[in-house]
Amino acid sequence: MDKQNDSDRFFVLTGGPGSGKTTLIEALRHAGFATSVEAGRGIIRDQSAIGGSALPWRDRALFAELMLAWEMRSYQIARQQTGRPVFFDRGVPDTIGYLRLSGLPLPEHANAAAGRFRYHQRVFVAPLWPEIFAQDEERKQTLEEAERTHHALVGVYTELGYELVPLPLATVEERLRFMLIEAGLA
């Protein structure tokens with residue numbers, strides 16, 4: 001795996017639920033950039049459709065394993081976008097944050113994955129934004145859980161040596177422009 005070339009063009013957007021990440025990823029996609037699909041929502045949709053148990057309210061450990069597999073697969077798919085920047089709606093380290101937040105043991109293979117699947121040094125963090133936070137069928141966390149998630153993710157990415165770039169609380173267009181400038185793509 002050519003980690004250096006890939007990590008230079010793989011940008012992660014992370015943060016707690018309800019902070020505008022997916023809307024921003026959709027704006028990046030609309031602007032012509034390659035993007036990934038957020039694991040948590042995809043897994044919840046799929047597991048709910050089949051009556052599966054890998055749901056955060058049924059089996060958190062299994063949910064975390066599927067998230068890790070999803071993120072690694074997203075990384076591999078992104079590698080096929082030769083030379084193009086790719087924006088990820090979360091990354092492999094988010095699974096570690098979820099495990100910590102849930103009080104679950106951290107399997108060694110999750111640490112190994114975080115070391116092997118590296119992203120650009122600068123990681124974009126969507127801060128908690130109570131004014132836009134909303135619960136739905138897939139996002140059942142409270143605002144307090146969203147805040148704890150944010151802090152857990154900031155801690156994991158910091159420990160893994162990433163430089164965190166907080167997004168402004170601004171319009172989608174302003175956030176998009178900010179990200180592209182900070183990523184050196186504008």
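G16 sits in the loop between β1 and α2 (21–30). Helices and strands here are DSSP runs, numbered from the N terminus; a helix is H or I with at least four residues, and a strand is E with at least two. This is a predicted model, in which local features need pLDDT of at least 70, side-chain atom pairs count only at pLDDT 80 or more, and totals for chains, interfaces and linings use all residues. Residues are numbered from 1 along each chain as its sequence is written, and side-chain values use heavy atoms, with hydrogens and water left out.

Is G16 buried or exposed? G16 is buried, because its relative accessible area is 4%. Buried means under 20% relative accessible area, exposed means over 50%, and partly exposed lies in between (1.4 Å probe, protein chains only). Which residues touch G16, leaving aside neighbours within four places in sequence? They are K21, R90, A126, A146, T149, H150 and L153. A contact means heavy atoms within 4.5 Å. Now look along the chain to L128. G16 and L128 are 112 residues apart in sequence, but their C-alpha atoms are 6.4 Å apart in space.

Find R90 in the loop between β3 (86–89) and α5. R90 is buried, because its relative accessible area is 11%. Its backbone deserves a look too. Most residues other than glycine have a negative phi. R90 is not a glycine, and its phi is positive, near 85°.

Move on to α5. This helix is mostly covered, with nine of its 11 residues buried. The buried ones are V92, P93, D94, T95, I96, G97, Y98, L99 and S102. What covers them? The cover includes β1 (10–15), α4, α6 (108–116) and α7 (143–159). Just after α5 comes G103, with a positive phi of about 70°.

R90 is one of the residues that line the largest cavity. A cavity is found on a 1 Å grid over the protein atoms alone, as a set of points where a 1.4 Å probe fits but cannot get out; lining residues have an atom within 4 Å of a point. Grid points are joined across faces, edges and corners, and a volume is the space filled by probe spheres set on the points. How many cavities of 30 Å³ or more are there? The count comes to one. About 30 Å³ of space lies in the largest cavity. Its lining is made by E38, A39, G40, M67, E71, R90, G91, D94 and T95. By type, the lining divides into two nonpolar, three polar and four charged residues. Here Ala, Val, Leu, Ile, Met, Phe, Trp, Tyr, Cys and Pro count as nonpolar, Asp, Glu, Lys and Arg as charged, and the others, Gly among them, as polar.

Next, R41. This residue is found in helix α3. R41 is buried, because its relative accessible area is 19%. R41 and M67 are 26 residues apart in sequence and 9.8 Å apart in space, C-alpha to C-alpha.

In helix α4, pick out I77. I77 is partly exposed, because its relative accessible area is 40%. I77 and S36 are 41 residues apart in sequence, and their C-alpha atoms are 8.8 Å apart.

Now go to strand β5 (residues 163–166), where L164 lies. L164 counts as partly exposed because its relative accessibility is 24%. Not counting residues up to four places away in sequence, L164 touches V123, V125, V154, Y157 and T158. L164 and E144 are 20 residues apart along the chain, and 22 Å separates their C-alpha atoms.

Step back to the whole chain. It holds eight helices and five strands. Along the sequence they follow the pattern α-β-α-β-α-α-β-α-α-β-α-β-α. The C-alpha atoms fill a box of roughly 45 × 40 × 30 Å, taken along the principal axes. Buried residues make up 47% of the 186 residues. Among contacts between residues at least 6 apart in sequence, 75% join residues at least 24 apart.

Notes. 1 Å grid on protein atoms, 1.4 Å probe; cavity = no way out; pocket = protein on both sides within 12 Å on 5 of 7 lines; lining within 4 Å.
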